[in-house]
Amino acid sequence: MIEPRLPTETEWYHDVPCSSIAVESIISVGTGGLIWGSCAGSYDANQKRLTGISRASFLAKTVGKYGFQCGLFAGIFSFTRCGIRKYHNKNDWVNALVAGGVAGAAIGAGTRNWRQVAVMTAFLSGFCAIADQSRAI
């Protein structure tokens, strides 16, 4: 009797909705952002010599900011990448390049400075494509 084989990474995305992938990414990367925000916020609060209520307020804002930004990037990136995969019907570096560009433009658009939008788009697009390609090797 032949045992059923598990789908490879390049096959599983055909069965999973993009919204599920995006939600999973938002939760996992957003949680990482919350943890990073608590570390960075604590360090920054020490540098500013904040104590009491002002320290707690500063930490809450920093943790929320980092968690939101990381979750936003992860959601936009994973949803865009999944959609391109399904449309393109390929799992290659182009998907990550385009998705990184879209996510970078969305994050950079919050600054309302076109130079920062362009820099963030180029950086995240290239970084995501390199990371995706190196994972495949």
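Predicted model: local features only at pLDDT ≥ 70, side-chain atom pairs only at ≥ 80, totals over all residues.
Q: What share of the residues is buried?
A: Buried residues make up 28% of the 137 residues. Buried means under 20% relative accessible area, exposed means over 50%, and partly exposed is in between (1.4 Å probe, protein chains only).

Q: And what share of the contacts comes from residues 24 or more positions apart?
A: They account for 63% of the contacts with a separation of 6 or more. Contact means heavy atoms within 4.5 Å.

Q: On to packing. What describes two packed helices?
A: The angle between their axes and the distance between the axes.

Q: OK, at what angle do α2 and α3 cross?
A: Helix α2 (residues 18-47) and helix α3 (residues 52-88) cross at roughly 150°, and their axes come within 6 Å. That makes α2 roughly antiparallel to α3. Axes are lines fitted to C-alpha atoms, for helices over the stretch in contact, and angles run from 0 to 180 degrees between N-to-C directions. Under 35 degrees counts as roughly parallel, over 145 as roughly antiparallel, 65 to 115 as roughly perpendicular and the rest as oblique.

Q: Is that α2 and α3 crossing left-handed or right-handed?
A: α2 passes α3 in a right-handed crossing. A crossing is right-handed if the near helix is turned clockwise from the far one by less than a right angle, and left-handed if anticlockwise.

Q: Which classes of residue make up that contact?
A: The contact of α2 with α3 has 17 nonpolar, 15 polar and 3 charged residues. Ala, Val, Leu, Ile, Met, Phe, Trp, Tyr, Cys and Pro count as nonpolar, Asp, Glu, Lys and Arg as charged, and the others, Gly among them, as polar.

Q: What does Thr-62 touch?
A: Thr-62 is in contact with Gly-37 and Gly-41, leaving aside neighbours within four places in sequence. Thr-62 sits in helix α3. It is buried, with a relative accessible area of 9%.

Q: How do α3 and α4 cross?
A: Their axes come within 8 Å and cross at roughly 145°. α3 passes α4 in a right-handed crossing. The contact includes Phe-73 and Phe-77 of α3, and Ala-96 and Gly-100 of α4. By class, the contact of α3 with α4 has 12 nonpolar, 5 polar and 2 charged residues.

Q: How many aromatic pairs are there?
A: The count is 1 aromatic pair. The rings of Phe-73 and Phe-77 have centres 5.8 Å apart and planes at 15°, so the pair is stacked. Rings of Phe, Tyr and Trp (its six-membered ring) pair if their centres lie within 6.5 Å; planes under 30 degrees apart count as stacked, over 60 as edge-to-face and the rest as tilted.

Q: Where do Phe-73 and Phe-77 lie?
A: Both lie in helix α3, 4 residues apart, about one turn of the helix. Phe-77 is buried, at 16% relative accessible area.

Q: What is Cys-128 in contact with?
A: Cys-128 is in contact with Phe-73, Phe-77, Ala-96 and Gly-100, leaving aside neighbours within four places in sequence. Cys-128 is in helix α5 (residues 114-136). At 7% relative accessibility, Cys-128 counts as buried.

Q: Is Gly-104 buried or exposed?
A: Gly-104 is buried, with a relative accessible area of 0%. It lies in helix α4. Gly-104 touches Met-120, Thr-121 and Leu-124, not counting residues up to four places away in sequence.

Definitions and conventions
Residues numbered from 1 in each chain as written. Heavy atoms only, no water. Helix = DSSP H or I, 4+ residues; strand = E, 2+ residues; numbered from the N terminus.
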